[in-house]
Protein chains: 2
Amino acid sequence: MRDFVFENSTKVFFGRGCVERYLGALLKEYGETVLLVYGGGSIKINGIYDQVMSILASAGKRVVEFSGVMPNPTYAKVLEGVDLARRERVSLVLAVGGGSVMDCGKAIALAVPYDGDVWEGFWAKKGEVRHQPLPLGVIVTMCGTGSECNGGAVVTNEAVKIKTDRDYPQCNPRFALMDPAYTLSVPRNQMLYGGFDALSHIMETYFSGPDEENVSDDIAEALMRGVIRDLRAAAQDPSDYNARSNLMWESTMAENRIIKLNKRTDFMAHMMEHQLGAYTDCSHGAGLAVIHPVYYRRICQKGAVKFARFAVRVWGIPQEGRGQEELALAGVEALASFIRELGLPTTLRELGVTEDTPLEEIANSVPLTGGGYGNLTREDVLEIFQVCY
Amino acid sequence: MRDFVFENSTKVFFGRGCVERYLGALLKEYGETVLLVYGGGSIKINGIYDQVMSILASAGKRVVEFSGVMPNPTYAKVLEGVDLARRERVSLVLAVGGGSVMDCGKAIALAVPYDGDVWEGFWAKKGEVRHQPLPLGVIVTMCGTGSECNGGAVVTNEAVKIKTDRDYPQCNPRFALMDPAYTLSVPRNQMLYGGFDALSHIMETYFSGPDEENVSDDIAEALMRGVIRDLRAAAQDPSDYNARSNLMWESTMAENRIIKLNKRTDFMAHMMEHQLGAYTDCSHGAGLAVIHPVYYRRICQKGAVKFARFAVRVWGIPQEGRGQEELALAGVEALASFIRELGLPTTLRELGVTEDTPLEEIANSVPLTGGGYGNLTREDVLEIFQVCY
């Protein structure tokens, strides 16, 4: 293991009935006014809204509702929430939803007590959080992003068409309530997209140096095998509680920093997808499913040691009689075949990209983070988009 | 995944030179007087003492030294430290050493601000920490116990000959400085004992319900494969930094609660070894190496599903043509053969147990925790000791 610094302060309450069991007691630690952040209203249909409101009422809280958080939440939406939270002197942000809702709530919690321009300070480039964000609690209703146990918030700035994300430990939720049963009402496609997003987080972490054997890669391999097993089971039977609960925790473990320790990572598939999403609003996990095989076919020989390990340890491809390069590609093809098996999209056309989509402009907007095996150029990115099309 | 609650507040600084790089800044957050807890003085020989003292001096701290913490620290020693810390109005406990030193420092930090009888309150039975323990920081010089990232402290009460341990999240160190290079001066035997202790922690967690596929077991399997690989490498070449640094982090991951989530666990091998240690003062990892194969041969058919997985996934034993019971035993024998390969002890006689050792009395003192596959009785424990002899 190479050098790292690690912390993760979120307290997790996981399991059936955890909201009923724990939320009331948790609320006692915070002030009177709660900003309840949620999305398009599915929580009103599945009963979660009523349950949470009733616990908030029993706890004597004044609730300020902030709803309508869209997938890929915009910076404008964040600022709207900040205004409301300031006006209402909110003392706790409670986000109830999936990644977009949690990210929006997290961004609001960071921005409310901050005097400067929060976009410039924290998302346009890596900043330093010297102030104390508002306390944030999350109730997870859809898994995949892992936002519940980190300090990252993906925000789309529509003015500059940039979607960005930085992980600040100070922005971790204070508590995360994770009831796998809450995710059972998520539509099958969204479940698969979320699961693939989690798998993507692990792969994007794994496919970077160092190449020597290290604990983070060991755990990443275990999590990838788990996600693949559990996605297969959940695709067959979405009501499989064990598979769904495993997927929920795997999504968290993929993004709670444990597997990132001592890793370089560049998250280039995410960078590419984020920009596609900023222009086309395609579903995040679906975009990733299209990009990954094309991107990995392009870079797998540069990271052949790791891609060969991926083939053998994650996909169980026999090593005997195969060279490293052959194995490396075989691992990528196993991934591509898994994506087809799940029925995930395999072309950008399926995601609403047309001949008129300005792929070159999108490619030029992708941040080239560096650090992974690819060291992609703008031309690489455009060619990947073209092959994906 | 079944229900769980998880938190872990320790901030870890890992890597070469981390003490030099971070300790000074960390000290600024605490008051003037530091209780420096250490053991028999090996840190004075390898230079760590001088380095830490110089950083403490630069930070303007008044240092109160509390040295001579023995392996298997006694309750009497803890109380001595508590007296000293109270008298000197200590504001930070800084433990520099391995598991025993960290545990002693942790116990002191818990006890100092507590009015009642700390043994009765927290170790004789599971208590509830409602007060704020003194802040604790640790500098790890020997790995294995994983005490750096949890709230457990193994303390031996000589009056009642009981060694006990409870994990209270409020007792987690505030920070842990982990420089793998610090562990390079540990004698080879101690390194192997520490590594086996870590492997034991993982096995003791793994060999308990639930039996359905779950994320904690997935990660445990990855960690066991890693410890086995890295112990082999370090046994061959103790100066192998990558193997030693992996072992250091694996020891932490084994005991930072991540692999215990949704698991029952009874830690019966530890319970048995703790009592042997309380009577004979044998080295903890060495005692575990003797006990594990004998104990597991006895219980592996009761937990055959898990022991068979252990054989296949951890030891790579081919599944084909073998029944579950055969596989289960084959996994245990692979472990026994690994213990012999490392040259670890295989009988209690090698650990100083003689015909005069009151094995029956020791067996009767072992807490029967329950929860694992064994459900051992007093008679089982005595028979295990007799076979181990």
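Predicted model: local features only at pLDDT ≥ 70, side-chain atom pairs only at ≥ 80, totals over all residues.

User: Why is β3(A) largely enclosed by the rest of the structure?

Analyst: Here a residue counts as buried if 20 or more other C-beta atoms lie within 10 Å of its own. β3(A) has five residues, and it is largely enclosed because the number of them that are buried is four.

User: Now the helices. What is the handedness of the crossing of α7(A) and α9(A)?

Analyst: Helix α7 of chain A spans residues 188-206 and helix α9 of chain A spans residues 241-254; they pack at an angle of about 35°, with their axes 9 Å apart. The crossing of α7(A) and α9(A) is left-handed.

User: How many charged residues does the contact of α7(A) with α9(A) have?

Analyst: From α7(A) come A:Gly194, A:Gly195, A:Ala198, A:His201 and A:Ile202, while α9(A) brings A:Leu247, A:Glu250, A:Ser251 and A:Ala254. Sorted by class, this contact has four nonpolar and four polar residues, and the number of charged ones is one.

User: Moving to the two chains, which element gives the largest share of the side of chain A that touches chain B?

Analyst: In this contact, 33 residues of chain A meet 33 residues of chain B. On the chain A side, β1 (4-6), β2 (11-14), α8 (215-236) and α9 each supply at least two residues. The largest share is nine residues, and it comes from α8(A).

User: How many charged residues are on that side of chain A?

Analyst: By class, the side of chain A that touches chain B includes 13 nonpolar and eight polar residues. The count of charged residues there is twelve.

User: Which residue of β1(B) is the bridge partner of A:Phe13?

Analyst: Strand β1 of chain B, residues 4-6, pairs with β2(A) in the antiparallel sense over three bridges. In β1(B), the partner of A:Phe13 is B:Val5.

User: Last one: what ipTM does the predictor give the complex?

Analyst: For chain A, the mean pLDDT is 96, and 100% of its residues reach 70 or more. For the complex, the predictor gives a pTM of 0.98 and an ipTM of 0.97.

Technical notes:
Residues numbered from 1 in each chain as written. Chains lettered and ligands numbered in written order. Buried ≥ 20, exposed ≤ 12 C-beta atoms within 10 Å, placed from the backbone. Axes fitted to C-alpha atoms, helices over the stretch in contact; angles between N-to-C directions. Left-handed = near helix turned anticlockwise from the far one by under 90°. Contact = placed C-beta atoms within 7 Å. Nonpolar A, V, L, I, M, F, W, Y, C, P; charged D, E, K, R; others polar. pLDDT = per-residue confidence, 0-100. Pairing = 2+ DSSP bridges.
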